[in-house]
Amino acid sequence: MDSNAPYIASLTREPFMYYEMKVTAKLLMEGLSEKEAIDKIFKENLYQYPTERSLKIRARACIRRLNALEDKELISWIINRPIDISRQICLFAMMKDSRLTWEFMVTVIGEKYRTRNFSYGRMDLNIFFNRLQEQNDTVASWSDSTINKLKSVFSSLLKENGYIDKTSSKRINEVLLDYKLKNKIIESGDATCLSAFNYFE
């Protein structure tokens, strides 16, 4: 992850989106171009949304995340491997695509695992965003409602990936990183994020 990448609040419109990632990965693996995939998702409402408004935004976001993996085999694993591993790959893609997600997962969750401190709560999210607002003008300019939406996105992301049992949980669970995915993360030069998956060499 480029430490100079900008902080972007688009996660408010682009949450974890596991189902959408799987649908999009399948289309790309079937040989569709990015444009063809987006058109098909839009025309056939493959994400099964009640309105079309956010379809293209989210389809583009999914493609951006899949591209961030820079690995066709990883994309195929999203479709072909067990759901918990498939979700881990989607989380890794989200981290690669979003500096905000990367830093939250590494500096908050990874640090919990490193120090064996499994307590977790809203306070951890508050501290993370307060620190960023003090350090970064872009984050400082975000409204309270944007920050609150981002906190909700991260809470849901943790729940969907088994880090917490419910969004109000007071403890984080120990997760287990798939060893094949671990090797892929190391090969891609992203070993600094392994702590977010409770893995330490």
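1. Basis. The model is predicted, so local features need pLDDT of at least 70 and side-chain atom pairs count only at pLDDT 80 or more, while totals for chains, interfaces and linings use all residues. Residues are numbered from 1 along each chain as its sequence is written, and side-chain values use heavy atoms, with hydrogens and water left out.

2. Helices H1 and H4. Helix H1 covers residues 18–29 and helix H4 residues 72–80; helices are DSSP runs (H or I, at least four residues), numbered from the N terminus. The two pack at an angle of about 125°, and their axes are 8 Å apart. Axes here are lines fitted to C-alpha atoms over the stretch in contact, and angles run from 0 to 180 degrees between N-to-C directions. H1 and H4 are therefore oblique to each other (under 35 degrees counts as roughly parallel, over 145 as roughly antiparallel, 65 to 115 as roughly perpendicular and the rest as oblique). Their crossing is left-handed, a term for a near helix turned anticlockwise from the far one by less than a right angle.

3. Residues between H1 and H4. On the H1 side, Tyr-18, Met-21, Lys-22, Ala-25, Lys-26 and Met-29 meet Lys-72, Ile-75, Ser-76, Ile-78 and Ile-79 of H4; contact means heavy atoms within 4.5 Å.

4. Ile-79. This residue lies in helix H4. Leaving aside neighbours within four places in sequence, Ile-79 is in contact with Lys-22, Ala-25, Lys-26 and Met-29. Its relative accessibility is 25%, so Ile-79 counts as partly exposed (buried is under 20% relative accessible area, exposed over 50%, partly exposed in between, with a 1.4 Å probe and protein chains only).

5. Nonpolar core. The largest nonpolar core has 68 residues, of which Leu-100, Phe-104, Met-105 and Phe-197 touch the most other members. Such a core is a set of buried Ala, Val, Leu, Ile, Met, Phe, Trp, Tyr and Cys residues joined through side-chain atoms within 4.5 Å. Not counting residues up to four places away in sequence, Leu-100 touches several residues, including Tyr-7, Leu-11, Phe-128, Trp-142 and Phe-154.

6. Asn-45. Although not a glycine, Asn-45 has a positive phi of about 45°. Asn-45 sits in the loop between helix H2 (34–43) and helix H3 (55–69), and is partly exposed, with a relative accessible area of 25%.

7. Asn-198. A positive phi, about 65°, is also found at Asn-198, which is not a glycine. Asn-198 belongs to the segment after helix H10 (179–187) and is buried, at 17% relative accessible area.
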